[in-house]
Amino acid sequence: MSEPLVMGIESSCDETGVGIVRGTELLAHALSSSMEQHVRFGGVVPEVASRAHLEAMVPTLEQAYAESGIRVQDVDAIAVTSGPGLTGALLVGVAAAKALALAHDKPLYGVNHLAAHVAVDQLEHGRFGERVAALLVSGGHTELLLVDDIVTDITMLGQTIDDAAGEAFDKVARLLDLPYPGGPHIDRVARDGNPTTIAFPRGLTTGRDVEKHQYDFSFSGLKSAVSRHVQHEQRMGRAFDVADVAASFQDAVCDVLTKKAVAACLEHDVDTLIVGGGVAANSRLRHYAEERTAKAGIELRIPRMGLCTDNGAMVAALGAEVVRRGIAPSSLDLPADSSMPVTQVVAA
């Protein structure tokens, strides 16, 4: 069949996204973020995010139509994030997609948010081979995936057992009196610091921990270690160097993430690593990923920043791949599943 034309709708957290894709060609990438509404709370407030999606959905759809010159009547199918994510936020996107599919008699596909973060790389670098590894790092997710087939065969190799990496960045930023969201501000401040100044712990990398959690991640202990260091320096009446703390913390996170990702590639005979999610913008993560994949002979693929964060283009990209494979559409009563497992790429 010719390359499918698919519209994707994303509303799993604090960003309302609508993308339109023909095969692996991106035609529209419209996005509305409610991030500024969450800053004063120091994190995403689900109710605030849900209300923001309601307000932004129609304007974002109209923006996508204007960018592409394509309207919903023209597409072959509609894809929407069915999960995982915040339940209330997901419901807004799912309800909108159902209404459009029903009104215009279009097949509807509820797709997995995490799989979409992998599929979006095809818009940047073309279709990848049958077996790739993916490291997804964001405020809500830290997962290491083995992707034998983006539509039918994804295996979870490891995930965080406590805080996601992005959450750890936010919490440490708060300790250092840096603004929310913490990731970009820690990265900025860390450029003036020495990453070897403080030997912060690398969670789940030694002894029985690594035996039991070979490819899992843990950042709660690291966050606590930063807190103890700051409190100790304050008790001693010393002014700690924020740049050194930020650099040392960031180095600990990115060291573990990339070391485990490359080790998984080598063990599972994978020659391509995809890195996605908002934390993929971090300069230290990119440095380690580039250095270690090059040394191991592994191809590194990182989509441009606008495609790493939550967006409708990634949902459309996965939807286009699903349609191209001839997968049956989801039913019109598909749920918003906040805990949708990555092994389920398309909702029934």
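This is a predicted model: local features need pLDDT of at least 70, side-chain atom pairs count only at pLDDT 80 or more; totals for chains, interfaces and linings use all residues.
Local features need pLDDT of at least 70 and side-chain atom pairs count only at pLDDT 80 or more, while totals for chains, interfaces and linings use all residues. Residues are numbered from 1 along each chain as its sequence is written, and side-chain values use heavy atoms, with hydrogens and water left out.

**View 1. The largest pocket and its centre.** The volume is about 930 Å³. A pocket is an open set of points on a 1 Å grid over the protein atoms alone, with protein on both sides within 12 Å along at least five of seven lines. Volume is the space filled by probe spheres set on the points, which are joined across faces, edges and corners. Ser 138, Gly 139, Gly 140, Asp 170 and Tyr 180 lie nearest the centre.

**View 2. The lining of the largest pocket.** Helices are DSSP runs of H or I, at least four residues, numbered from the N terminus. α6 gives the most, six residues. By class, the lining has twelve nonpolar, 17 polar and eight charged residues.

**View 3. The largest cavity.** A cavity is a set of points where a 1.4 Å probe fits but cannot get out. One cavity of 30 Å³ or more is counted. About 30 Å³ of space lies in the largest cavity. Its lining includes Gly 23, Thr 24, Arg 127 and Glu 321. α5 (121-125) and α13 (312-324) each supply at least two lining residues; α13 has the largest share, three.

Terms used:
On a 1 Å grid over the protein atoms alone, a cavity is a set of points where a 1.4 Å probe fits but cannot get out, and a pocket is an open set with protein on both sides within 12 Å along at least five of seven lines; lining residues have an atom within 4 Å of a point. Ala, Val, Leu, Ile, Met, Phe, Trp, Tyr, Cys and Pro count as nonpolar, Asp, Glu, Lys and Arg as charged, and the others, Gly among them, as polar.
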